Amino acid sequence: MWRTMTTLVAHPWAYPAFSVVHLIGLGALFGGLLVFELRTLGLRRELDPSSLARLAIPAALAGFALCAVSGAAMFAIQPQELWVNPALRIKVALIALAGLNAAWFHWRGGVRAQDRLGRWQCLLSLGIWVAVIICGRWIAFV
């Protein structure tokens, strides 16, 4: 298995391919969250939050899985160069914070948490994920 990983990592198309998968995952992750959280924030009240969540949340989770796998692979390709980059470390911390916020939101009732605190958590989530995206882009430039 390690030989296969070493061969894959050494391939000149490996990093660009994982980057594309990462962007696809990011689109699914952020898109799913954006749709669900905009509904929680009060837009399109005619849409049933439970039905919307059954569509948007699995897409967001699948996107997160793609991002996690492709991100880990890109990190494995050049760990020494990436770990010293402050944008990557901030990105990882923000992802952990987003996970804690999501766990708290779902612990509070998830789809049923359509109260003021739930709306603030959705705003926080959107803000964190925008910051994650910004940090991801900055990794190449910092």
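**Entry 1: second largest pocket**

I looked up which helices line the second largest pocket, and found that H2, H3, H5 and H6 each supply at least two residues of that lining. The model I am reading is predicted. H5 gives the largest share of this lining, with seven residues. I count 19 lining residues for the second largest pocket, and Leu33, Leu61, Ala98, Ala102 and His106 are the ones that lie nearest its centre. Sorted by class, the lining holds 13 nonpolar, five polar and one charged residues. The volume I noted for the second largest pocket is about 370 Å³.

**Entry 2: largest pocket**

I then turned to the largest pocket, which holds about 660 Å³ of space. Its lining runs to 25 residues. Which of them lie nearest the centre of the largest pocket? I wrote down His22, Met74, Lys91, Gly136 and Ile139. Helix H2 (14-40), helix H3 (49-77), H5 and H6 each put at least two residues into the lining. Here the largest share, seven residues, is from H3. For the classes in the lining of the largest pocket I have 19 nonpolar, four polar and two charged residues.

**Entry 3: H5 against H6**

Next I checked how helix H5 (residues 86-107) sits against helix H6 (residues 116-138). Their axes come within 9 Å and cross at roughly 160°. The residues of the contact of H5 with H6 divide into 17 nonpolar, five polar and one charged.

**Entry 4: aromatic pairs**

Last, I went through the rings. How many aromatic pairs does the count come to? I have three aromatic pairs. One that I wrote out is formed by Phe36 and Phe105, with 6.1 Å from centre to centre and 80° between the planes. This pair is edge-to-face, planes over 60 degrees apart being counted that way. Where do the two residues lie? I placed Phe36 in helix H2 and Phe105 in helix H5, so the pair ties together parts that are 69 residues apart in sequence.

**Entry 5: cross-check**

H5 is in the lining of the largest pocket with at least two residues, and supplies seven residues to the lining of the second largest pocket.

Notes
Residues numbered from 1 in each chain as written. Predicted model: local features only at pLDDT ≥ 70, side-chain atom pairs only at ≥ 80, totals over all residues. Heavy atoms only, no water. Axes fitted to C-alpha atoms, helices over the stretch in contact; angles between N-to-C directions. Helix = DSSP H or I, 4+ residues; strand = E, 2+ residues; numbered from the N terminus. Nonpolar A, V, L, I, M, F, W, Y, C, P; charged D, E, K, R; others polar. 1 Å grid on protein atoms, 1.4 Å probe; cavity = no way out; pocket = protein on both sides within 12 Å on 5 of 7 lines; lining within 4 Å. Points joined across faces, edges and corners; volume = space filled by probe spheres on them. Phe/Tyr/Trp six-rings, centres within 6.5 Å; stacked < 30°, edge-to-face > 60°.
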